[in-house]
Amino acid sequence: MTPWNNENLSPCAYAGPYAAPEPPDNPWPTPVHVRDDLDYFLPPPNPAERLSRILAPRDERRLALNVALTAAGIPPMPEDRAVIDQLSALPADVNTVLQRWLHHAL
């Protein structure tokens, strides 16, 4: 085994442990378009472009029950859809009580 010799190394062979290239002035890439880096509000909705459909009461109760379950920390699973549809077919006061129970469970 030959002993290690420092004389054969060129001056470029040494790299300082803390040597790093100078960082660029701006490390963030420039946006592709001029306004890509700006955060802006969306325009308000145009009432004339709204759909003129009204949900059926059963659909409203179904959506409200989904929202109440999710807010209570019980996100409905896909297999729960049939049960939620049956619950939303019940009278409105039953659905209101279910939502109240779920709201108080928080």
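Which backbone oxygen does the side chain of Ser-88 reach at 2.8 Å?

**Before you start**

This is a predicted model, where local features need pLDDT of at least 70, side-chain atom pairs count only at pLDDT 80 or more, and totals for chains, interfaces and linings use all residues. Residues are numbered from 1 along each chain as its sequence is written, and side-chain values use heavy atoms, with hydrogens and water left out.

**Stop 1: the whole chain**

Colour by secondary structure. There are three helices and zero strands, in the order α-α-α. Helices here are DSSP runs of H or I with at least four residues, strands are runs of E with at least two, and numbering starts at the N terminus. Of the 106 residues, 9% count as buried. Buried means under 20% relative accessible area, exposed over 50%, and partly exposed in between (1.4 Å probe, protein chains only). Now switch to contacts, meaning heavy atoms within 4.5 Å. Of those between residues at least 6 apart in sequence, 59% join residues at least 24 apart.

**Stop 2: helix H1**

Select residues 57–71. This is H1, with 15 residues. The expected span is 1.5 Å times one less than the number of residues.

Next, pick out Arg-61, Leu-65, Ala-68 and Leu-69, the buried residues of H1. They sit on the same side of the helix, because they cover an arc of only 95 degrees around the axis. That arc is taken from the directions from the helix axis to the C-beta atoms. Their cover includes helix H2 (81–88) and helix H3 (92–104). Just after H1, click Gly-73: its phi is positive, about 85 degrees.

**Stop 3: Arg-61**

Zoom to Arg-61, in helix H1. What lies around this buried side chain? Arg-61 has no salt bridge, and Glu-60, the nearest side chain of opposite charge, is 7.4 Å away. Lys and Arg count as positive, Asp and Glu as negative; His and the chain ends are not counted. A salt bridge needs a side-chain nitrogen of Lys or Arg within 4 Å of a carboxyl oxygen of Asp or Glu. Instead, look for the backbone oxygen of Leu-90, which the Arg-61 side chain reaches at 3.4 Å. Leaving aside neighbours within four places in sequence, the contacts of Arg-61 include Ser-88, Pro-91, Asn-95 and Gln-99.

**Stop 4: Ser-88**

Move to Ser-88 in helix H2. Its relative accessible area is 0%, so Ser-88 is buried. Here is the opening answer: its side chain reaches the backbone oxygen of Asp-85 at 2.8 Å. Beyond residues up to four places away in sequence, Ser-88 touches Arg-58, Arg-61, Arg-62 and Asn-95.

**Stop 5: the salt bridges**

The whole structure holds two salt bridges. Select Asp-59 and Arg-62 for one of them, at 3.6 Å, N to O. Both residues lie in helix H1, three residues apart, about one turn of the helix. Asp-59 is partly exposed at 27% relative accessibility, and Arg-62 is partly exposed at 25%.

Arg-62 is in H1 and Asp-85 in H2, so the pair ties together parts that are 23 residues apart in sequence. Asp-85 is partly exposed, at 24% relative accessible area. Keep Asp-59, Arg-62 and Asp-85 selected together: salt bridges with shared partners join them into one network.

Key:
Polar contact = N/O pair within 3.5 Å; in protein donor to acceptor, adjacent residues only side chain to side chain.
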